[in-house]
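Biologist: I would like to learn how to read single features in a model. Can we take them one by one?

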Amino acid sequence: MRPALCAALALSLIFCAGLAAAEPARQVPATPGEILLSFAPVVKKAQPAVVNVYASRTEKRPKNPLFDDPVFERFFGSGRPGSSTTRSLGSGVLVDRSGLVVTNYHVIDGMTDVKVALSDKREFDADIVLRDHRSDLAVLRIKGGGDFPFMELGDSDALEVGDIVLAIGDPFGVGQTVTQGIVSALARTQGGISDSAFFIQTDAAINPGNSGGGLIDMKARLIGINSAIFSQTGSSVGIGFAIPVNMVKIVVAAAKSGKPVQRPWLGASLQSVSVEIADSLGLDRPSGALVNEVTSDGPADKAGVKGGDLITAIDGQSVDDPESFGYRIATKPLGGTASLALIRDGKPLNVKLTLAPAAEIPARDPVKLKGASPFAGATVVNLSPAVIEEMSLHGVSEGVVVSDIEDGSTAAAVNFQKGDVILSVNDVKVRTTRDLERAVSSRHEYWKLTIGRGGEVVTTMLGG
């Protein structure tokens, strides 16, 4: 063999050996000595970046000036006067040196005062930088800044079922606790915990108070934010769910930019594939996301997607149901394109989807309502594809939506909520925020209201 060829082969072998050393193959313990190995080095590296989150809100409720109505009270609750303090306990993970903390949205939902406690017992006030209910994630920033420990972000798409993981958090408020388990499943979409449902399932013990804490791999990298458990007792039964870190990266990037999270918009409604639908389409199994309706001039329409198409993959990543498609597209950067693999009339097809945010048409035109109406203190905005996506109002096509409610206002006393859709007032349809502003600009002896919330519509009468 020629010397040059020998040298080339030698260099190739050295390079391959280097790659193997850099990323060792996964393997189970083979000897008693290996079984005695400890996770302590991983914990020591990751634990300082996991924090406890204490959130609270004190709210004064004025006396509800409106007459009691049994139907309205069932839908909205009662509005008794007084004050109350609501508290929440959870966990969080420091993700950069300046004091940026990721936690769950439901840990700080509705809260105004937040404190963060580090593992070394230091406590700091924190500002809420970003709330993203669709992913059930929120970002805090420790006041004052500083040189804080933080955790490296991993790659949740590189996980495999059976990988060893650790969960770190503050279960039941007993103090920082580490539990160990494996990745039990990937791409769980039946949790119903968030709009972008796509979870890592683990048997590492997760209990109340763990929410917002870190799920970490054996290199002490964050691979998920612990979010929920399946339990009939309220305690861990070995079925816990974590939000993949690749979704966390999108939310953190938005927080650093100072902007809300913007996701690419498909511009079409999707449904799951049942066994019957799979049979009718000639599929060997029920999988994919079936396109129901395509929004005119939306990205799907411009890409050539049609009703009845079956989406099976996006950029080569398989799509098992609408939830998995929602996660995959939500973690794509805006501004580029994605390749959609479709089945149409039994034949495979690929189209290019432009990754653009949902349109703000019509403009939001926010209006804060005043006067003596039940809506006083509520801010409403017009419906648009962007608002529908942002507030998860799918299936809604008319009315205006409540985007904010002032503390202590009449609207708060009546118990209106963000996301309520106002459809009509005194039998007059509400199409824009200005329609509603005119409808409540004068006193009435009674108020006949039609409101949509969570897919339910109720009409009720209230005294003026």
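Biologist: Is Asn382 buried or exposed?

Modeller: First, a caution: this is a predicted model. Now the reading. Buried means under 20% relative accessible area. Asn382 has 6%, so Asn382 is buried. Asn382 is found in strand β20, residues 378-382.

Biologist: Which atom lies 2.8 Å from a polar atom of the Asn382 side chain?

Modeller: The backbone nitrogen of Thr433. Thr433 is also on the list of residues that Asn382 touches, leaving out residues up to four places away in sequence. That list includes Pro362, Asp365, Val400 and Arg431 as well.

Biologist: Pro362 is on that list. What kind of peptide bond joins Ile361 and Pro362?

Modeller: Read omega. Here omega is about 0°, and the bond is cis. Pro362 lies in the loop between β18 (347-354) and β19.

Biologist: Next, aromatic rings. How many aromatic pairs does a search of the whole structure find?

Modeller: The general idea: a pair of aromatic rings is described by the distance of the centres and the angle of the planes. The search finds 4 pairs. One of them is Phe198 with Tyr327, at 4.1 Å centre to centre and 5° between the planes, which is stacked. This pair links distant parts of the chain, 129 residues apart. Phe198 sits in the loop between β8 and β9, and Tyr327 in helix α9. Phe198 counts as buried at 8% relative accessibility. Tyr327 counts as buried at 1%.

Biologist: Why is the pair of Phe375 and Phe416 stacked?

Modeller: Planes under 30 degrees apart count as stacked. The planes of Phe375 and Phe416 are at 25°, so the pair is stacked; the ring centres are 4.9 Å apart. Phe375 is in the loop between β19 and β20, and Phe416 in the loop between α11 and β22, so the pair ties together parts 41 residues apart in sequence. Phe375 is buried, with a relative accessible area of 1%. Phe416 is buried too, with 4%.

Biologist: Last, backbone angles. What is the phi of Lys121?

Modeller: Phi of Lys121 is positive, about 80°, although Lys121 is not a glycine. Lys121 is found in the loop between β4 and β5. At 72% relative accessibility, Lys121 counts as exposed.

Biologist: And where is Asp136?

Modeller: Asp136 is in the loop between β5 and β6. Asp136 also has a positive phi, near 60°, and is a residue other than glycine. Asp136 is buried, with a relative accessible area of 3%.

Key. Residues numbered from 1 in each chain as written. Predicted model: local features only at pLDDT ≥ 70, side-chain atom pairs only at ≥ 80, totals over all residues. Heavy atoms only, no water. Helix = DSSP H or I, 4+ residues; strand = E, 2+ residues; numbered from the N terminus. Buried < 20%, exposed > 50% of the residue type's maximum accessible area, 1.4 Å probe, protein only. Polar contact = N/O pair within 3.5 Å; in protein donor to acceptor, adjacent residues only side chain to side chain. Contact = heavy atoms within 4.5 Å. Phe/Tyr/Trp six-rings, centres within 6.5 Å; stacked < 30°, edge-to-face > 60°.
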